[in-house]
Amino acid sequence: MAQSKENSNVLVIHGPNLNMLGKREPEIYGKTTLDEINASLEKLGKRLGLTVEAFQSNHEGAIVDKIQDAAVTQKGLIINPAAYTHTSIAIRDALLLLDIPVIELHISNIYKREPFRHTSVISDVATAQIAGFGVQGYRMALEALARMIQNR
Ligand code: CA2
């Protein structure tokens with residue numbers, strides 16, 4: 001089948017407290033702000049033929065709503081569920097509704113941190129996980145997602 005020339009829509013979800021990136025705890029999460037990450041992804045997306053939408057919320061239900069919407073509007077998802085990674089069955093269940101590639105993203109290496117961060121209730125329902133590459137991981141995730149969408 002001929003490849004469509006239209007851009008694919010992809011969604012990037014940032015979970016709780018990630019709006020504080022670049023403003024607190026730079027030793028763990030770096031100095032780049034969330035706006036800078038989103039701008040960089042939007043620019044990279046253009047090169048890759050992707051229209052990138054970014055969404056941040058500190059509220060579990062708002063993230064669940066956004067994932068449900070993604071089922072009909074998006075071709076791929078990058079999600080940093082932040083602290084909900086370790087606790088949220090609601091976000092996990094919402095991800096199970098999707099039939100698109102999903103990349104779970106962590107700025108830090110969660111397996112090198114406190115034991116409670118070693119468990120992700122998301123990783124076995126995600127297509128892949130990227131952790132520990134700092135904010136550069138978001139660009140790696142977007143490049144991987146572009147390839148996954150192309151190969152579908
Ligand atoms: O490494 C990651 O990306 C995390 O998902 C970040 C979460 C943490 O709970 C996960 O275990 C790993 C925390 C996000 C909080 O972000 C902040 C950013 C700047 C300042 C304070 C918090």
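**View 1. R117 and its contact with E114.** The side chains of R117 and E114 are joined by a polar contact of 2.7 Å (N or O atoms within 3.5 Å; within protein, one able to donate a hydrogen and the other to accept it, with residues adjacent in sequence counted only through side-chain atoms on both sides). The model is predicted: local features need pLDDT of at least 70 and side-chain atom pairs pLDDT 80 or more, while totals for chains, interfaces and linings use all residues. Residues are numbered from 1 along each chain as its sequence is written, and side-chain values use heavy atoms, without hydrogens and water. R117 sits in the loop between β4 (102–106) and β5 (128–131); strands are DSSP runs (E, at least two residues), numbered from the N terminus. With a relative accessible area of 18%, R117 is buried (under 20%, 1.4 Å probe, protein chains only).

**View 2. The shell around the ligand.** The ligand is surrounded by 17 residues (a heavy atom within 4 Å). N80, H86, I107, S108 and R117 are the closest. By class, the shell holds 9 nonpolar, 5 polar and 3 charged residues.

**View 3. Polar atoms at the ligand oxygens.** An N or O atom in the S108 side chain is 2.5 Å from an oxygen atom of the ligand. For N80, a polar side-chain atom lies 2.8 Å from a ligand oxygen. A83 places a backbone N or O atom 3.4 Å from an oxygen atom of the ligand. Alone, the ligand exposes 510 Å², and the protein buries 94% of that (Shrake-Rupley method, 1.4 Å probe).

Methods. Ala, Val, Leu, Ile, Met, Phe, Trp, Tyr, Cys and Pro count as nonpolar, Asp, Glu, Lys and Arg as charged, and the others, Gly among them, as polar. Helices (H or I, at least four residues) and strands (E, at least two) are DSSP runs, numbered from the N terminus. Buried means under 20% relative accessible area, exposed over 50%, partly exposed in between (1.4 Å probe, protein chains only).
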